[in-house]
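These are my notebook entries on a structure that I looked up. I set down each term with its cut-offs where I use it.

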Amino acid sequence: MTLKVPDSERRSNDRERSSDSRDGLLMRMELPSNPMLLCAVRGAVERLTESFGFSPQECRAVTRAVDEALTNIIRHAYCGRADRPIELIFSSIRGHPINGRSIQGEAGLKNAVGLEIVLCDRGPAIKPEQMCMRALEEVRAGGLGLHFIQESMDVVEYKRVKGTNRLRLIKYVHVPKPGLTA
Amino acid sequence: MEISVRKVDKTVIFDLSGDMDLGNTPAVRKAFLREVRENRVPRVVINLSRVRYIDSSGVASLVEALKASRDVGSRLILIGLSGSAREVLQLSRLLKIFEIYDNEEEALAA
């Protein structure tokens, strides 16, 4: 597993355009699709989210979303092969969620600080029907990963770019309304 | 993840330690299903007090074990759920389908 430190010169030019502006790259990881590395990634994401200012519950949510996204890549994009490449790019962004769910607080809506995570793999393109969550009323194993990701993040976007699957996740730092306590 | 199995009267207790994620749930799942389907013990208790993290594949293993236990008419009980484990089951809306107790004594007395 390779973990690269932020480099202000290294900005991806081909990232998806959005209403958000990027403050900068925070962390970049390259790893093989080995499930034994999930624990190490979770540890790194936990520390990053803590330092980013998320609440403990939000830290767990972001960590869970990244873990589930990686699990989906390993299981579905790479069919369990442990030697395929995965890249994760963590950036700080500033903006407001247009496509995502609303967040608390007027200040947060206008100029929210968020953590953007882009996960890239070189597996086959994902079909839209594969992105469907199962009905939670069903008591059965499987199909929960995407539900966990959707519940945990403010923005979840998938794109196929030049032979690469790109899953973009954003979590905004929620600003509590004045007078409300956590 | 460490899995240890012990027997108290007619109850089999799994003591799990570590993280339940894609890297180790196949082994956990296999151990659960063997105990329920092949050995057909009347009561299986899964001690999660030392499990720090459960992902969707871990939840799926617990659901499979629960279904297998129902199929053979035995009980599957979870004990020692951490806040994080409870949160994941809540998020899955599966918390209510499991029989859950705080500790081993309560589970064995139930």
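**Entry 1. Ground rules.** I note that this is a predicted model, in which local features need pLDDT of at least 70 and side-chain atom pairs count only at pLDDT 80 or more, while totals for chains, interfaces and linings use all residues. Residues are numbered from 1 along each chain as its sequence is written, and chains are lettered from A and ligands numbered from 1 in the order in which they are written.

**Entry 2. Chain A.** I looked up the secondary structure, in which helices (H or I, at least four residues) and strands (E, at least two) are DSSP runs numbered from the N terminus. Chain A has 4 helices and 6 strands. Read from the N terminus, the order in chain A is β-β-α-α-β-α-β-α-β-β. I then looked up burial: a residue is buried if 20 or more other C-beta atoms lie within 10 Å of its own, exposed if 12 or fewer, and partly exposed in between, with C-beta atoms placed from the backbone. Of the 182 residues of chain A, 30% count as buried. For contacts, the C-beta atoms of two residues, placed from the backbone, must lie within 7 Å. Among the contacts in chain A between residues at least 6 apart in sequence, 71% join residues at least 24 apart.

**Entry 3. Chain B.** I found 4 helices and 5 strands in chain B, in the order β-β-α-β-α-β-α-β-α from the N terminus. The radius of gyration (taken over C-alpha atoms) is compared with a globule rule of 2.2 Å times the number of residues to the power 0.38. For chain B the radius is 12 Å, close to the 13 Å that the rule gives for 110 residues, so chain B is as compact as a globular protein of that length. Its C-alpha atoms fill a box of roughly 30 × 25 × 25 Å along the principal axes. In chain B, 43% of the 110 residues count as buried. Among contacts in chain B between residues at least 6 apart in sequence, 74% join residues at least 24 apart.

**Entry 4. Helix α2(A) and its partners.** Two packed helices are described by the angle between their axes and the distance between the axes. Axes are lines fitted to C-alpha atoms, for helices over the stretch in contact, and angles run from 0 to 180 degrees between N-to-C directions. The axes of α1(A), residues 38–52, and α2(A) come within 9 Å and cross at roughly 145°. Residues of α1(A) including Leu38(A), Val41(A) and Val45(A) meet residues of α2(A), among them Val62(A), Val66(A) and Leu70(A). This contact divides into 7 nonpolar, 2 polar and 5 charged residues; Ala, Val, Leu, Ile, Met, Phe, Trp, Tyr, Cys and Pro count as nonpolar, Asp, Glu, Lys and Arg as charged, and the others, Gly among them, as polar.

I next took α2(A) and α4(A), which pack at an angle of about 145° with their axes 8 Å apart. On the α4(A) side, Gly145(A), Phe148(A), Ile149(A) and Ser152(A) take part. By class, this contact has 6 nonpolar, 4 polar and 2 charged residues.

**Entry 5. Where the chains meet.** I found 20 residues of chain A in contact with 19 residues of chain B. On the side of chain A that touches chain B, α2(A) gives the largest share, 6 residues. That side divides into 10 nonpolar, 3 polar and 7 charged residues.

**Entry 6. The core.** A nonpolar core is a set of buried Ala, Val, Leu, Ile, Met, Phe, Trp, Tyr and Cys residues joined through C-beta atoms within 7 Å. Which members touch the most others in the largest core? Of its 63 residues, they are Ala65(A), Ala69(A) and Leu119(A). The largest share of this core, 10 residues, comes from α2(A), residues 56–77. Leaving out residues up to four places away in sequence, Leu119(A) touches Ala69(A), Leu70(A), Ile73(A), Ile86(A), Leu88(A) and Leu167(A).

**Entry 7. Single residues.** Lys162(A) lies in the loop between β5 (155–161) and β6 (164–172) of chain A. Its phi is near 45°, a positive value in a residue other than glycine. Is Lys162(A) buried or exposed? Lys162(A) is exposed, with 6 other C-beta atoms within 10 Å.
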